[in-house]
Structures are given as C-alpha cells and as structure tokens.
Amino acid sequence: MSVPQQAFARSVRDELQGVISEANGIILGKEHVIRLALTCLIARGHLLIEDQPGVGKTTMAHMLAKTLGLSFQRIQFTSDLLPADILGVSIYNRESSAFDFHPGPIFSQVILADEVNRATPRTQSALLEAMEEYQVTTEGETRPLPKPFFVIATQNPANQIGTFPLPESQLDRFMMRIELGYPDARAERELLAGRSRRELLEDMQSVLQPERLLHMQQEATNIHVAPALLDYLQDLLEFSRESRHYVSGLSPRAGLAILRCAQAWALLHGHAEVLPDDIQAVLPSVIGHRLQSSLEQNDPGAGALARNLIEQVPIP
Amino acid sequence: MVTEADNTVAASGRTGKRVGAYLRGLHLPANSYWLWLALATLLAVLPHSRHAPIWIPVSCIVLVLSKLVLVYTNRPRHSGWALAIIRNLLALGLVMGVYLNYGSLLGRDAGVGLLIVLSGFKFLEARRDRDLYVSTALGFFLIVTNFFYSQTIGTAAYMAPVVILLLAALLDLNDPQQALSTPRKLQRAGAMLLQAAPLMLILFFLFPRVSGPLWGIPDDAFSGQTGLDDIMAPGSISQLSDSNEVAFRVEFAGDPPPTNQLYWRGPVLWETDGRVWLQGKQRDRGDVKATDYSDGIDYTLMLEPHNRKWIYALEMPTEAPDDTGFNRDYQLLAEDKIRKRRQFELTAHTDYRLTGADSIDFERALALPPAQHPRTVKLAQEWRDQGLESREIIDKALAMFHNQTFYYTVTPPLLSGDPVDEFLFETQEGFCEHYAAAFTVLMRAAGIPTRIVTGYQGGRLNPVGGYYAVYQRDAHAWTEVWLNGSWQRVDPTAAVSPARIRDGLDGALPESADSALGVNRDSWIGQTLQSIRDNWDALNTQWNQWVLGYTQSRQRDLLNRMGIDYRNWQELAIWLAAIVTIAITTMGLWLLARRRDNTDTARRLYNRFCRKLARAGLPRRSYEGPRDFAGRAAQRFGAQANAIHAITERYVDIRYANKSTDVTGLRQAIQRFRPGNAGR
C-alpha cells in the first residue's frame, strides 16, 4: 500500500464529504443511508430502495444524480408499461428510407425505476437485463449503455396491492437494498418548516464530474484486501451456508458484492484498506434482500438477520 | 439500530435465558444434546445385554430415558436435600447390585457392569458443564468395553456410527445457538472421525504390543468356547457335527494334499473305563520322534481360541516352531492356553514314521477295563487263536466294518448296556467315536497296542480366500496301532464310510440339509448362501490376520522392515511418541499454514491489548472490528484515546493494510499502554 493511494483515499473522502453535506441539506437526517447509496454507486452496483410511499425515495434518487452531475431519467413503472417503453423503438424514416432508432429512457447514466414491482415481469426483466449486461439489444442490434450506468429502483413493500414481487434471481442483481425509514423529530420539523424539496433540488449544483466518479470506481477496486480480511469474509459466508437460521446460504456473487461494497465504503471514509468494520457496516444492506430467515413465524427482519450473522462470527 | 438490536433479543429469548444460566454456572445445553447422548449411550449399552445380567443394561436404559423425560418436560434441574439423599441412595444401590451380582467390583464383567449402571446414573444427574463432558467421555468408555467381548468386523462397524453420534453430541454441546443443522452435525462428526484416522493408524501400528493381555482377564472370559475335549464318550464328537463354527483355517503355501490325508492331530486318548476315554497321565516326549519320507508341505495355521494348549497340526510335523513343543503323544502344544486367535507357520510330511515307545506305553496301549466287553474280547481272541498276523487282524476288523451292515450316522441309537458290545453286535450304527473305540478295544484284546487319536479330519476350501476352513463339525477320532516298530494311523471310519474321509461330513450324510436354514445344499439358493458365507468368511480371515493378528512378532517384523529397530517396548514407546509428535505437528502446521505470516504476531499483540482493556472493564466482543472497538474504548477511556487509536492503526497497518511489518513498534506501544491509570 503506497502513500499516494492513502492520499488519494483522503482526497476522495473530502470530495465525497461535499456530496454528502450537499445531500444532507435535501434529505434530512439520513446521512448513513446516503453514505450507503454512494457506496453502492462507487462499487458499480445498482441500488434498490424499499420503503413506504412518501418517505423520499424519489427525491433521494434525483438528488444522487444531480450532485454527481449525471444525466438522469425517471421511468414510472406501471402494469401496462412495455419493454419498448424503456429500451426504445425503431421508427421508419421516410426521408432516409431507413429505420431510425429512438433510444428509450434507459440510455441515461442514472435511471430511476420508480415502483419497479408494479410492472409486469416481462418489463421488469427488460430493465434487469440491461442492468446485468450494461448494454441493450433491440431488433438484433446491440447498443452499449452510457458510463457510469446506475439504476436506482424503488419499490413498495411487497404486501401492497398490485405488485409483482421481483424474483430472488432478479433481486440478486441489485447490489444493495436500503430502507429510508421515517425522519426523526428534528429532521421532520425542519422538513415541514423549510422550502419544498423540489425547489431545493432545482437549485442544487453538481459537485462531481462523471469522469471523476469513474476514476473513483476504478480506485475502489484497488483498496487493499488482506488475507486476514478474506478469512473473515469466508467465515461469514460459510456460517451463512452452514447455519440453519437461513433458508439458503450466501452465494459467491453475494460474497463479491460484500467485498466490493466494503472496499467502496473504506474509500468513502478515506481508508486505504478494508477492515472487518467496513464489512459489518455494509453487510445489512448487501445481504438484506439475499438472505431469508428459515423461521416461518417471527421473521426477525432483514436488519436483525444480518446483525445476528455478524454477532455469530468472531473476527479471526 | 436500536430497534434491530431489540429485535435480536426478542427473537431469541431462549438465548437470553441461557446466557443468564451460564452466568450462574449452569450452562443448560439444548434438548437435542441429551437426545444425541442418550442415543449414543443406548446403542453402546445394547450389545452388552448379550452377556451381562439383564438388569444392568435395563437399569441404564431406564435412567437415561427418565432423564430424557425430565428434560423434555422442562424439569432438567432437580435440587433439594431430599432429592440429594435419594440420588445418593440410588447410586449406592446400583453399586451394591453389581457387587452382589458378581461378588466383586473388579474384573472384566463386574467392572463393565459398574460402568454401565453408573454412566446411566451420571446421565441422570448431569447438571453442570463439567458433568456433560464427563457423561460424553463415559460414552466413549462404554464403546471401548464392547471390544472386551467381541472384536469382529461387525462390532467395529456397529461402533463407528456410535462414535459419530457421541462426537455429534459434543458438537451440539458447543453450539448453544443451534446454528448447525442435524445433518451438518453428523457430517462434521464424521469428518472429525476421518481426521483422526491417520493418528489412529499410527497408534495401531506403533503402540507397543504386549504378549499377554494388558490386565489379567479372569478365566470367565473364555468360558463357553466350543471345541474338542480331552475326554471322549459315545456322542461327544457327534454333538459337534451340527456346529458350523470354524475351529481353524489353513493356508497352504503350495498345492494342498488330498482331502483324505488331512488329519489334524489333537489329543491322544489311552485310558478307558469301558465307556469314557481319557488322555491319562501326560508324559515327557522322551525319544518319540517322527521321521519324514516325503517333501514338506508348508502351511499357515490360523487357530481360533479354544482355551487349550492344543495346536491341531497336520500329520505329521517333524519340528516344533518356537514357543511350542511335542508331548509324548506327539501332539503339538503351545506354552499357554490359546485364548486369542493365533497363527503358526508349520510344515507337515504326509509320509512319515512315528517311532519311540517304551514298556509303559505298551502297557497303557493294551490295557482294557476288567470284565467288560466280553463279546468283543472273545471275537478278538478268536482271531488271535487263528494265528493271524497283526496286519491280518487289522484288515479283518476293517473288513468286518466294511462288509457287515455297519451304518455311519450322527444320530446313533442310545447305548444302554455295554457300549462296545452293543454297538458291534447289535445296533451297528455309530459315529467316528464309536468306530474308533470299538476298533481299539478289538485291537487291544487281540494284543496289538492301540490308542485313539482325536482331532479334525478334512476341511473345506474357501474358493474366495483360497484357504481351507476346518469347522467343529469336522471333529474326528481315529486310531494308531503299533506295527512294525512305529505308530501307524488306522481310521476305521474310512472302512465304514469312505466318503466321510474323501468328501467330508456332508458327502457322508447325503440326506443332511443346511442345518441353519433347512435349504438343500445343491439348490441354487444353497449355493448362493454358500458363496455369501465364503465371501464373509474370507473377509473375516483378512480381518483376523491383519487387524487382530497384528501381534508383537508381526509388529516387530513390519517395523524392522521399515527400518525401525527397537529392543524393548520402552524403546518402541519412544518411537511412537516421536512419530505421533511429528504427525501432530505436521497436521497442525498444515492447518496453520493458511494464516501463518507475521500478521500472526500482530494479532497476538493485539489480543494482549484487548485483554488489558478487558481487565479495565471493557472486553472486546468477538465480532467487533478493530476500529469500532477503538471508538468504543476511546469513549470510555478518554484520556487514552490517542494511544488507543494509534495502537489500533498500527495493528491495522500490519494485519489488514500490508503497509508495515513493524511488530516491535506495536509491541512497545501496547506494553506502555495502561488503560486503568487513565481514568484516575
């Protein structure tokens, strides 16, 4: 581990601190969640926000795009949304006697897929395919998506009416799932007394250039991972597979996601190495939608499940 | 975050209860632990019901089951002085019971009985952590005791899963959260057993073998073994004819001799009261010797234990191997009674002359009980009066057996009067002992010195193992007459039923069916059964030869060949200790290899740092990351915050950042660190 890398990590922390304080001005009292969302973005992962309507999911996605200076498109998912509405269509151009491709909203750096579980599975999978491949294939032609490409999907809790819950295999495509939760009393008072969030968003300045973000994403993968840390990560994975508290263990993909997020988390905090602490910080959000309690009744909830996992595995 | 923590506690309320119990020194294991242990204990005790008085295994089982009832009705702890008295009385009663039963608390049977009832009792009263481990350890002892009684493949195969169950119980005991599922536990326990296999093999090959049993096993250990006796009476050999037990097995180095020459020499009987034949006085070998007239036949004799010194050698050996000797009857004897399976390398000569006899021998070989067998004696005297030669008299007697209506059967009619006369002149139905006895009386009455030789005749080739198995049913009696200056074998049974000698008992008794299952031997079922039996017997022979037959001398041969030379068992023990140490060290290093670098030192130092903080009242949780812990510690010991962060960062740099290897700096910082002083 070199000194320049350490210095780089510090500078990243300061830069991102700017993003965070900017964001804090809009989404009140949710610094931890904002950090997690940024972590996910730096780890090149897609983000799923699950919560009640009206707690600021959309504002959050909007704000992220804006502060990072990224192009932004919002797709409101409904039950009659078709894949072509997302991906785009070719229309015959009489003048050039050819089909012109009219790109859909997906050709954008940040996609806000609002209420993704309200669309039919067919439409959902069109989006999820793009998320996995970073390219779109329509009418036999493959078109790359812009870089960085980041999907923030929001969904309402599955028990609401008119939802098509995402299957586990597709949930797995999201690196993190976070919950916003209600604001605390002080933040709520500020929210009620202050200006409308929409206006605030419009006034916001971008803090970061897209090239800078790509650079950070690259650097995050270089954050040092010691064998001792991999031991710990493997112990966690093994425990999840052996324990009968869970329906099934964590997949290798989940393990990679944990590691990438922990690296991004370390970078975000100005560290040049990953510690077990970093893994523990991101773990609830990374595995919350991947791990299922085997208890039929008394499901302890995703957060408690992850906390339980952490507490059962000693750090080697 | 707070709500999540609350959830955890709520979701596992049992955990909270258990933690509380643990603090009071009572670590309550999960119910499943008792189930594992109960199952293992019951399975280990079950085989003992074959030999122990039934109340011993039954009381153990009752104790174990009542504990299970207590556990599953949530009354695992029973305290109070009244119960304590009852408990002590119960234990005393069990010990008394064993004492009254065996008249002792020592020795194999009483010791095992004591262990069985008391391990049931320990199971019932186990409460503390320590008790649970003791109970589990007792289970291992129970498993071992089974091998005092049986060392077959079956026993070993039965006990291996019981060991796995016990290991699973140990795993369960150390898994209070019940994080491992049942199949996982079994799988882990199996893996542990496999991991122990290399060590087990080293111990097997190198543990010093002693020539006798390690501790004095009382005589009762060997009662109930069937086989030939040193007394012969009408019916004593034929009662062995339905025994399918193997007496011994023989592996010939070259071509085996024909079956009709397979006479395996046992005790020689001289004296009779008219009905029963005895060996009589044992005399020294003197000048008795066998001279060979044919090439030697080398073979290995694997003798089953029969609690006698007799070694059933193929007639006729000329030299006795080490630790064995001939008596005057030219019977091969071991130095001690054969109480475990033993193996002998022998050579036989089927063409031989057995010479050496003095006047005492002749006197004994001609003696007849006074005033008995009048008709037989009269017949013999008639022959002698005709002026016949000894050879001619022998032939005449054999011809009589062959030509008259003598019948060879395992179920002869009972002889109520003079057994020899009645057999020879009335019933004419008998087994080999009838013919041998009648022939001997005839010869002696005719003035020809004759004695009875008992032993086995024939044997069955096991086509799978390539060896001969000689069963108890092959027990036989024949005679030796003194003719032309040597003892010569005459088998009167061969005159009556040549098939018995040529084909064995089955050939001689064609009507006989498979006695165990009532299946005709020639049907395909009978043949399949026979083939299964052959395979099983061959497998057992390998087991006997290589596992149970791994004796002191074999151990020495094998180890010498491997270059391990030792003079006595103490030296071997040193070898053993050395090799076990090397093996364990190698395995340990191999296991540690993954984590062995200088980050290990850093971790050790960091643990010391954590212990200092723990003594100051702030223990690190096992899952707590270094920076999280540092934050907590800095808050608690504000004055030392800088030192805490500095130490943590040094540790992180070595262990997680690969940024430094400066262990000394870390060590010094930790040595200087005094969390206790900070607060004051």
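Predicted model: local features only at pLDDT ≥ 70, side-chain atom pairs only at ≥ 80, totals over all residues.
Visitor: Does Leu548(B) count as buried, exposed or partly exposed, and what is the reason?

Guide: A residue is buried if 20 or more other C-beta atoms lie within 10 Å of its own, and exposed if there are 12 or fewer. Leu548(B) has 14 C-beta neighbours inside 10 Å, and therefore it counts as partly exposed.

Visitor: Where is Ala43(A) placed, and is Ala43(A) buried or exposed?

Guide: The place of Ala43(A) is in the loop of chain A that runs between α2 (31-42) and β1 (46-50). Leaving aside neighbours within four places in sequence, Ala43(A) is in contact with Met175(A), Ala220(A), Arg260(A), Cys261(A), Gln263(A) and Ala264(A). Because 26 other C-beta atoms lie within 10 Å of Ala43(A), this residue is buried.

Visitor: Which residues touch the most other members of the largest nonpolar core?

Guide: That core has 112 residues, and its largest share, 11 residues, comes from helix α11 (residues 252-268) of chain A. Not counting residues up to four places away in sequence, Ile258(A) touches Leu233(A), Ile279(A), Val282(A), Leu283(A) and Val286(A). The residues that touch the most other members of the core are Ile258(A) and Cys261(A).

Visitor: How are α5(B) and α6(B) directed relative to each other, roughly parallel or roughly antiparallel?

Guide: Helix α5 (residues 81-102) and helix α6 (residues 108-125), both of chain B, pack with their axes 9 Å apart and at an angle of about 165 degrees. Angles over 145 degrees count as roughly antiparallel, so α5(B) and α6(B) are roughly antiparallel.

Visitor: How many residues of the contact of α5(B) with α6(B) are nonpolar?

Guide: From α5(B) the contact draws on residues including Leu90(B), Leu94(B) and Val98(B), while among those from α6(B) are Leu114(B), Val117(B) and Phe121(B). The residues of this contact include two polar and three charged ones, and the number of nonpolar ones is 11.

Note on methods:
Residues numbered from 1 in each chain as written. Chains lettered and ligands numbered in written order. Axes fitted to C-alpha atoms, helices over the stretch in contact; angles between N-to-C directions. Helix = DSSP H or I, 4+ residues; strand = E, 2+ residues; numbered from the N terminus. Parallel < 35°, antiparallel > 145°, perpendicular 65-115°, else oblique. Contact = placed C-beta atoms within 7 Å. Nonpolar A, V, L, I, M, F, W, Y, C, P; charged D, E, K, R; others polar. Core = buried A, V, L, I, M, F, W, Y, C linked by C-beta atoms within 7 Å.
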